[in-house]
Amino acid sequence: MPTYGKMNLVKLIRILALFPLLVIGDLWGQQPVEVMPIIREKKNAISLTSFLPTLFDGNGLFDRYLGPGENIRLANRLGYGIAYQRKIRGKHGIILAVNAHGRYFASKFDRCNEGLGIVNWRQMGFFSAHYARRIWSKKRLHIDAVAGLQFRTGYERITSRCWISHDFFNKGYALNDIGLSTGIRFEYSLSNHFSLITDLCFTEFFYRHDKTRYDQYQNYAGKGSTRHFAAFHAGLSYWF
């Protein structure tokens, strides 16, 4: 074989030997596509919330005192609930929630007429199903408009009569009502799994199961649950 032929063959062998090293060097520091981490969008959330309600019945939002000597205590306890949220696609989602709330009066009445017409005991539970639509989003803060149905169940007791001995008689009625809700919801993402949520919802109850008895007591007492209900919720969500 001529000398120049041997020299070309040696060069070719060297180039072929270096080719795998060049390929490995080009891929050095890059992970294979199949092992690169994939961050999937989390579409489900469980939320634990506390809420402050108002029934637009003339009672205050917070604890306060009524009557002479400020010895009639009106306690508006915070309600608590749990909710499940599911992102359907894009900006749409559903929220299913269960909430409970109780309110009662403590202490005594100095005068017989001070206690008349007052709701002295109240217990309510709420079951709701809402549609959520994302209307604004920027980095960690998101705002949704919500609308849906709410079912209210429970019982209320109103002081209706009293004797000179200051013994009161109570009348009560059941709450099994259905209403339409609408509101606005804020969500602030803390991490990939956790977020803070707040919302303000208003409900108009168009159906009341015990309406006849309710209207009778309402006319007498001038207190009690109305067709309107609003609540401010705040809580923590876990996304998975």
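**A short walk through a predicted model**

Hi everyone, let's start with Asn 99, which is buried, its relative accessible area being 7%. Buried here means under 20% relative accessible area, while exposed is over 50% and partly exposed is in between, with a 1.4 Å probe and protein chains only.

Two notes before we go on. This is a predicted model, where local features need pLDDT of at least 70, side-chain atom pairs count only at pLDDT 80 or more, and totals for chains, interfaces and linings use all residues. Residues are numbered from 1 along each chain as its sequence is written, and side-chain values use heavy atoms, with hydrogens and water left out.

Back to Asn 99, then. You'll find Asn 99 in strand 5, residues 92-107; strands are DSSP runs of E with at least two residues, numbered from the N terminus. Which residues does Asn 99 contact, leaving aside neighbours within four places in sequence? Among them are Thr 49, Phe 51, Tyr 80, Met 124 and His 233, where contact means heavy atoms within 4.5 Å. Also, the C-alpha atoms of Asn 99 and Phe 127 are separated by 6.6 Å, though these residues are 28 apart along the chain.

Let's hop over to Thr 49, in strand 1 (residues 44-54). Thr 49 counts as buried too, at 12% relative accessibility. Beyond four places in sequence, its contacts include Gly 79, Asn 99, Ile 197 and Gly 235.

Our next stop is Ser 181, in strand 8, which covers residues 168-189. Is Ser 181 buried or exposed? Ser 181 is buried, with a relative accessible area of 5%. Its side chain makes a polar contact with the side chain of Thr 203, at 2.7 Å. (A polar contact is a pair of N or O atoms within 3.5 Å; within protein, one must be able to donate a hydrogen and the other to accept it, and residues adjacent in sequence count only if both atoms are side-chain atoms.)

Now for the nonpolar side. In soluble globular proteins, nonpolar side chains tend to be buried together. A nonpolar core is a set of buried Ala, Val, Leu, Ile, Met, Phe, Trp, Tyr and Cys residues joined through side-chain atoms within 4.5 Å. The largest one here has 11 residues, including Phe 51, Met 124, Phe 126 and Tyr 173. Strand 6 (119-138), strand 8 and strand 10 (228-239) each give two or more residues to this core, and strand 6 has the largest share, with 3 residues. There is also a second, separate core of 6 residues, Ala 83 and Ile 95 among them.

Definitions and conventions
Helix = DSSP H or I, 4+ residues; strand = E, 2+ residues; numbered from the N terminus.
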